[in-house]
Amino acid sequence: MYNPFSLEGKTVLVTGASSGIGRATAIECSKMGATVVITGRNAERLQETFNALAGEGHRQVIADLSEQEGIESLVGQLPPLDGAALCAGIGLTLPVQFSTREKFDKIFNTNFFSPVETTRLLYKKKILKPESSLVVIASIGGITSFNYGSGIYGASKAALNSFMKFCAREFAVRQIRVNCICPGMVETPLIHRGTLTEEQYQQYMQMYPLKRFGRPEEIAYGVIYLLSNASSWITGTCLFIDGGGDN
Ligand SMILES: NC(=O)c1ccc[n+]([C@@H]2O[C@H](COP(=O)([O-])OP(=O)(O)OC[C@H]3O[C@@H](n4cnc5c(N)ncnc54)[C@H](OP(=O)(O)O)[C@@H]3O)[C@@H](O)[C@H]2O)c1
């Protein structure tokens, strides 16, 4: 059947696959025909994702991507890739007056340096094949959304979004495409680890024109588009999937 969005025959790495957006991305990519290599830190939850994958031939790798050894270990176990979706990340809500260098280091290490170093090695070691596609999950935070307490998180994602535009320029010599997705608030464990009360949570939802937060699958569908041949002339951009945004 004709389907330009198909991932049939493609091998795709998905980080952060043990939860939320990464898990949905791995599962939906497998349903679209991809063979996936999934990675996360929590073995039990990663196995749950693995069990939910459609088709065969998938692999799972446990790795802590906040550590250089973890990134190198993961990259060393990868087959040649047609695509990668870098979803691993952590959240933080903290007013500026408490935003110490230590907090910046922790968030930037996982949300910025980890995907940056993973990207560098995937490219340098030629694991990303020519004409492959790299998709990185950034955020509307720090780009169109500047909520109270989101300074460190938003800055880490804005930096990531910026860096990936440079990668898009440089990797184009191998016809490798690089794009970000900027989600608004998505119903995953990440947003429930913050400091919002249930009431604040409901109020926040009402700021979105569609009056709800996103579902992980709604981000995964965007990843599929950017991994597929349907987006073959898209690079260096950021796809907003944010229900109209929060302001
Ligand atoms: N949910 C939202 O509203 C939202 C909005 C915009 C952007 N995002 C971004 O979307 C991405 C996915 O977030 P989510 O909402 O799906 O969060 P989540 O449910 O908490 O999942 C986060 C994933 O990242 C992995 N991870 C975190 N630190 C890691 C590390 N040091 N090494 C390896 N893996 C690590 C986790 O693995 P383990 O659990 O196995 O440790 C987990 O699989 C993040 O980059 C986040 O910033 C989320």
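Me: How do α1 and α7 cross, right-handed or left-handed?

Reply: This is a predicted model. The axes of α1 (residues 20-31) and α7 (residues 216-227) come within 8 Å and cross at roughly 55°. Angles of 65 to 115 degrees would count as roughly perpendicular and those under 35 as roughly parallel, so α1 and α7 are oblique to each other. The crossing of the two helices is right-handed.

Me: Which residues of α7 does α1 meet?

Reply: From α1 come Gly20, Ile21, Arg23, Ala24, Thr25, Glu28 and Cys29. By class, the contact has ten nonpolar, two polar and three charged residues. On the α7 side stand Pro216, Glu217, Ile219, Ala220, Tyr221, Val223, Ile224 and Leu227.

Me: Which helix gives the most to the shell around the ligand?

Reply: The ligand has 29 residues around it, and Gly16, Gly20, Gly89, Thr188 and Leu190 come nearest. By class the shell holds 13 nonpolar, 13 polar and three charged residues. With three residues, the helix that gives the most is α1.

Me: Which strands stand at the edges of the sheet?

Reply: Seven strands form an open sheet with parallel pairing, in the order β3-β2-β1-β4-β5-β6-β7. Each edge strand has a single partner, so one side of each is left without a neighbour in the sheet. From one strand to the next, the twist averages 15°. The edge strands are β3 (59-62) and β7 (238-241).

Me: Are α4 and α5 roughly parallel or roughly antiparallel?

Reply: The axes of α4 (residues 101-124) and α5 (residues 151-171) come within 9 Å. They cross at roughly 15°. Angles under 35 degrees count as roughly parallel, and those over 145 as roughly antiparallel. That is why α4 and α5 are roughly parallel.

Me: How many nonpolar residues does the contact of α4 with α5 have?

Reply: The crossing of these two helices is right-handed. Helix α4 brings residues including Phe104, Ile107, Phe108 and Phe112, and α5 brings residues including Ile152, Leu160, Phe163 and Phe171. Three polar and two charged residues also take part. The nonpolar count is 14.

How values were computed
Residues numbered from 1 in each chain as written. Predicted model: local features only at pLDDT ≥ 70, side-chain atom pairs only at ≥ 80, totals over all residues. Near = placed C-beta within 6 Å. Helix = DSSP H or I, 4+ residues; strand = E, 2+ residues; numbered from the N terminus. Nonpolar A, V, L, I, M, F, W, Y, C, P; charged D, E, K, R; others polar. Axes fitted to C-alpha atoms, helices over the stretch in contact; angles between N-to-C directions. Left-handed = near helix turned anticlockwise from the far one by under 90°. Contact = placed C-beta atoms within 7 Å. Pairing = 2+ DSSP bridges.
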